[in-house]
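Here is a short report on one model.

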Amino acid sequence: MRDDGVLDMGRAAAPVSGPASAQSPDSISDPGTALAGMAEAMRLVEGHSPSELRCRGLALLRERLALPWARCLALDLSGRWLSDDEAEDRAEGHDDSSVQALRLACDDFRHPYAHAIRRGESLSMGLGEARSRLDHPVFQASIAGLPAAWRLAVRPLRARDGRCEWLGVLAFAGPAERLDSLSACDDFMAFEALLCRLWAWLARQHDERRDQARLRDSLAKLNDGARRRTLSERLGQRILGDSPAIRSLRSQMVRAAETNLAVLLQGETGTGKELVARGIHEVSARHEGPFLAINCAAIPETLLEAELFGHVRGAFSGAERAREGLFGEANGGTLFLDEVGDMPLALQAKLLRVLESGRYRPLGGDQERQVDLRLVAATHQPLHRRIREGAFRADLYYRLGQFPITLPALGERREDIPLLSQAFIDDFCRREGREDIGLGRATLRALAERDFPGNVRELKNLIDYACAMTRDGEDIVPDVLPTASVEEQVEEQVDEKGEEGDPEAASQAGAENGAGKAQGTQVDDVVDLRRALRDYEATLIRQRLVRYDGNRTLAAESLGLPKRTLAHKCRQLELDTP
Ligand SMILES: Nc1ncnc2c1ncn2[C@@H]1O[C@H](COP(=O)(O)OP(=O)(O)OP(=O)(O)O)[C@@H](O)[C@H]1O
């Protein structure tokens with residue numbers, strides 16, 4: 001043995017070139033000296049799997065003992081099939097049938113391996129006899145070309161520990177004297193014993209590792225499930241509701257938050273799109289970064305571009321100072337583009353470029369800047385229709401909608417109305433320092449039967465109004481509920497009076513009633529419904545602004561509108577000076 005513990009090759013050094021390469025008995029080493037070093041055999045464990053161990057063991061046997069033909073077949077987990085790793089390696093990449101053909105059934109006695117395992121002892125037979133007596137095609141193919149004068153020795157292998165289960169077989173073919181000397185050699189027997197011990201040990205390790213990996217996988221899934229549930233529950237404190245639709249919404253939010261995909265929120269007005277956008281940000285990895293929101297419908301095109309991209313000093317008249325812009329400010333966080341369907345086409349192209357490249361150039365600037373943000377966009381209008389109308393770019397739609405989420409209308413989750421109503425009453429009492437306002441059954445019934453075109457926002461405003469009309473310690477009664485929403489009143493009036501009517505009168509009626517009673521109003525002069533609705537809207541908003549002394553926050557709240565939307569409407573309807 002060499003100093004480094006590697007077995008001295010001695011006469012065994014001559015490698016065997018192929019399975020059938022017949023060597024003269026003189027060139028075959030003495031197994032007694034060739035396998036003397038157990039340290040050498042320890043190299044066997046360098047393999048990480050039982051199959052590597054078998055391949056290394058075979059290679060050692062072939063090299064050091066100059067065995068012309070050696071095979072090691074392993075029993076599979078079912079104990080029914082024997083297969084040959086090397087042959088499988090050779091078959092890799094071939095079609096399935098060739099892989100199948102390498103499997104030998106343990107109960108098929110047309111091959112000698114089944115006999116050896118069944119009897120539990122080694123067998124030896126001449127190859128001529130094996131050819132004539134055993135007609136298993138795969139076995140016959142494997143010994144084809146070997147000299148008929150050789151013998152075949154098959155040694156069944158079993159674990160050398162308490163369990164003693166069958167592992168497989170070792171098979172050698174060669175001159176009789178060579179094979180006989182093998183079984184008489186103590187070192188070979190020790191080598192075989194070590195091989196079996198290591199094989200069983202590695203197989204168990206391998207199984208254990210596989211079991212552990214499976215366990216880890218399922219634990220990870222469980223942990224993922226638990227983590228997602230926790231996040232969903234956290235979202236449930238703000239995004240109220242217990243219906244299947246809202247539960248599914250919360251779980252989609254958690255999934256979206258796990259990614260960096262752009263999220264497109266679609267849903268009717270007041271369904272909670274902004275709330276959802278914030279929620280996604282809060283449960284995402286970006287939650288420590290900024291959350292910025294902008295309503296694309298509420299800002300004129302030129303201003304919107306400057307808001308988003310920022311500008312350098314002197315970029316345009318009035319730009320006395322440089323401004324970062326929302327893309328820059330939202331770096332590392334989330335940017336919420338509300339009413340993205342209203343974004344002007346020219347700006348859509350620029351937005352698409354930012355999304356594709358992650359770069360933008362401030363107005364008047366000559367340097368591009370890198371930005372890393374998640375975009376959440378929202379729209380209450382069907383973008384498909386806008387695309388058909390040529391008002392929205394299809395490519396931007398697909399880019400924005402990497403993770404599309406549709407928010408359910410309140411009408412699709414009526415079962416949430418009691419829970420939402422109670423939460424809004426509690427919220428009102430907290431804000432207004434009131435207590436003990438209740439909700440009777442009749443009121444709940446009335447709410448459940450009502451339509452809410454303004455969705456949760458409308459319900460919230462309605463509850464606020466009803467609370468304001470109810471004394472502490474009393475229940476909200478159905479009578480204090482406003483009869484119908486603004487949209488419904490207009491529709492009702494148009495329905496009642498036909499397509500024509502008096503817009504001014506309708507406006508007046510709506511303005512007077514506010515969220516109150518609908519009156520029969522003359523609307524006979526209406527010849528342009530859009531115009532009539534616009535006038536009606538203008539009158540109503542003007543009236544509310546007057547009622548709240550120009551306070552837009554209160555006016556917006558009383559109409560169930562976000563403040564930004566009211567500001568936008570004021571500009572559109574030229575109501576800037578009430
Ligand atoms: N699931 C919910 N739980 C509690 N409050 C909600 C829920 N959904 C919406 N709201 C409330 O309804 C109001 C409107 O929500 P939000 O502004 O997010 O709606 P939106 O869909 O963005 O509306 P718009 O399209 O008109 O901008 C807010 O006061 C919000 O807190």
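## A strand pairing

Leu265 has Ala378 of β12 as its bridge partner. The two strands concerned are β7 (residues 263-266) and β12 (residues 374-379), which pair in the parallel sense over 4 bridges. Strands pair if DSSP finds at least two bridges between them. Helices (H or I, at least four residues) and strands (E, at least two) are DSSP runs, numbered from the N terminus.

This is a predicted model: local features need pLDDT of at least 70, side-chain atom pairs count only at pLDDT 80 or more, and totals for chains, interfaces and linings use all residues. Residues are numbered from 1 along each chain as its sequence is written.

## The sheet

β7 and β12 belong to an open sheet of 5 strands. The order is β8-β9-β12-β7-β13, with parallel pairing. β8 (291-295) and β13 (403-406) are the edge strands, and each pairs on one side only.

## Helix α24

Helix α24 covers residues 552-559. Ala555, Ala556, Glu557 and Leu559 are buried there. Buried means that 20 or more other C-beta atoms lie within 10 Å of the residue's own, with C-beta atoms placed from the backbone. Gly560 follows α24, and its phi is positive, near 70°.

Definitions and conventions
Buried ≥ 20, exposed ≤ 12 C-beta atoms within 10 Å, placed from the backbone.
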